[in-house]
Amino acid sequence: MVAHDSASTILTKEVEYAINTYRLQSAFHFAQQITLENARNGPYGSLTVQIGTWNTKIVRTCRVHKHTGDVQALEKGEWKSLETSLKKYFPVSDNETSADSDTMRAWWTENGQTFNWSALPTELKENVLQFCVNQPYQHSITYYDRKKYSRQSKYQRGPHEIFHLLGQWSSLLRVSKQVRILVLRLCLKGSIEYPEGFRIGSGSHKDFARKIMRLGSYYQLVEPNSAPVKATSSQILAKRYLYSPQYYPGLARYATYAHAIRKIDIEFDYLEALHFFKASIGGLEHHRPSNYMTCDVFERLPYLNGVTIWLTRKWWTKGSYILFNIWHDTDPCTRTLERWIYERVAQALNWLSDVTIKNFMDENEERMFRDLHEAHQLSYKMTKAEHDDLYKDEGGGISLEEVVFDDLMMDRANLLSASDNARYCRAKDQGTPPEALNQDGTPVLPPKCRCAVPCREAFFDKPRSSRYQ
Ligand SMILES: [Zn+2]
């Protein structure tokens with residue numbers, strides 16, 4: 001019989017209240033979803049109830065103690081506090097129970113208390129916010145970006161890379177200035193989940209250029225007066241910082257999201273990579289479209305500290321043919337093209353120690369790149385030290401050492417000019433620019449394969465799966 005008289009209704013409410021009090025102790029208790037499922041009249045004005053979660057159910061006879069007002073339950077013939085039964089049958093252990101964000105939200109809504117967020121020290125606030133900068137997807141964001149998966153529209157506006165780091169917590173950016181600063185610091189500088197900081201990736205040059213420009217048009221707005229006003233000098237100052245942050249560190253309040261990029265992952269096709277790293281071999285720079293975004297853009301990224309370049313295996317990319325054909329008609333050479341790319345990377349990124357190239361065709365090439373990059377890094381460091389030394393403030397003039405040409409240096413200089421001269425004469429005869437010919441008089445572009453195992457056999461004629469075996 002279902003309890004419906006007033007006494008049992010009151011008793012039911014009392015039992016419900018006791019269960020609720022037990023649940024509200026902590027978010028873990030709350031996560032258990034203990035409910036009163038079925039109540040009927042028991043003997044002597046008591047109530048028999050079924051209490052349960054999705055996997056545990058108990059049936060108990062309950063009453064309210066006449067004097068103390070406690071809700072009690074009959075355990076093996078003895079009246080004990082209902083809380084004792086709940087503790088026994090619905091225990092909470094830290095390693096078994098978990099409370100997700102929805103449970104937490106519901107628990108705070110139910111328990112009638114407020115959390116004194118503003119009283120927390122900044123370090124603790126940051127710890128709490130760490131949990132909001134999470135990884136909502138299976139792979140890293142750059143994985144999807146490089147693979148050009150349509151996880152989001154390429155034409156989506158706004159700095160959506162940041163919103164994706166925050167997932168459902170992106171509205172935190174609008175809570176208050178302090179929370180915005182803390183959250184952005186975690187997203188951009190690094191958090192537990194993303195220790196390396198803000199990272200972007202692109203699978204094509206066009207996408208990369210568009211991304212840099214888009215991120216460069218949204219201000220971080222973490223300092224006062226950091227939004228430039230149209231048609232005022234602030235707009236000019238913001239532009240200055242956008243293009244030359246290294247010369248105007250005092251204008252850092254106008255920092256955009258592009259300025260905060262720490263790591264870059266790119267996968268360009270062969271010609272895109274050669275143009276991006278400003279390869280000039282064989283006069284290739286003359287084929288570079290005007291206003292093409294090159295690696296000079298890295299100078300605009302003051303915090304950039306790592307670049308990963310994925311050598312593409314998409315040799316058939318049509319884009320390459322529209323601008324300029326770098327594939328030899330009969331003997332195309334992938335190895336030469338890749339060598340040109342990494343030689344330029346080693347030189348152009350000599351100021352950066354964290355440069356990784358993936359997808360090398362063999363270990364030998366990889367080692368050659370590493371050695372080359374190390375050498376360029378060393379010469380950059382030496383040049384920088386000399387430069388710093390030259391410009392260090394000593395309050396006086398700079399004494400220049402007299403350069404003495406020794407025989408060896410003169411020999412080398414003569415040798416270089418002789419070979420240049422010979423090439424120039426040959427080129428002049430054939431009507432091509434001097435830089436576009438090899439020593440033997442054949443054109444440099446497109447490169448002709450001279451590898452021990454011809455690239456055509458190793459790459460082009462094989463099915464894709466067995467190309468590297
Ligand atoms: Zn080859």
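Let's start with a strand pair: β7 (residues 263–266) and β8 (residues 306–310) run parallel and are joined by 4 bridges. Helices (H or I, at least four residues) and strands (E, at least two) are DSSP runs, numbered from the N terminus. This is a predicted model, where local features need pLDDT of at least 70, side-chain atom pairs count only at pLDDT 80 or more, and totals for chains, interfaces and linings use all residues. Residues are numbered from 1 along each chain as its sequence is written.

**The parallel sheet**
- Strands β7 and β8 belong to an open sheet of 4 strands in the order β6-β7-β8-β9, with parallel pairing (two strands pair if DSSP finds at least two bridges between them).
- At the edges sit β6 (199–202) and β9 (355–358), each pairing on one side only.

**The antiparallel sheet**
- Another open sheet has 5 strands in the order β1-β2-β3-β4-β5, and here the pairing is antiparallel.
- Its edge strands are β1 (35–41) and β5 (78–81), and each pairs on one side only.
- Strands β3 (residues 57–64) and β4 (residues 71–75) run antiparallel and share 3 bridges, with R63 opposite Q72 in β4.
- Helix α1 (residues 6–23) lies across β1, β2 (47–52), β3 and β4, at about 30° to β2.

**The nonpolar cores**
- The largest nonpolar core has 58 residues, and C187, I261, L274, F277, I341 and V345 touch the most other members.
- A nonpolar core here is a set of buried Ala, Val, Leu, Ile, Met, Phe, Trp, Tyr and Cys residues joined through C-beta atoms within 7 Å.
- Buried means that 20 or more other C-beta atoms lie within 10 Å of a residue's own, exposed means 12 or fewer, and partly exposed is in between, with C-beta atoms placed from the backbone.
- Leaving aside neighbours within four places in sequence, V345 is in contact (C-beta atoms, placed from the backbone, within 7 Å) with F277, I309, V355 and I357.
- Apart from this core lies another, of 16 residues, including L11, V49, L82 and F90.

**A look at L251**
- L251 is found in the loop between α10 (233–243) and β7.
- L251 counts as partly exposed because 18 other C-beta atoms lie within 10 Å.
- Beyond its neighbours within four places in sequence, L251 is in contact with L237, R240 and Y241.

Key: Two residues are in contact if their C-beta atoms, placed from the backbone, lie within 7 Å. Axes are lines fitted to C-alpha atoms, for helices over the stretch in contact, and angles run from 0 to 180 degrees between N-to-C directions.
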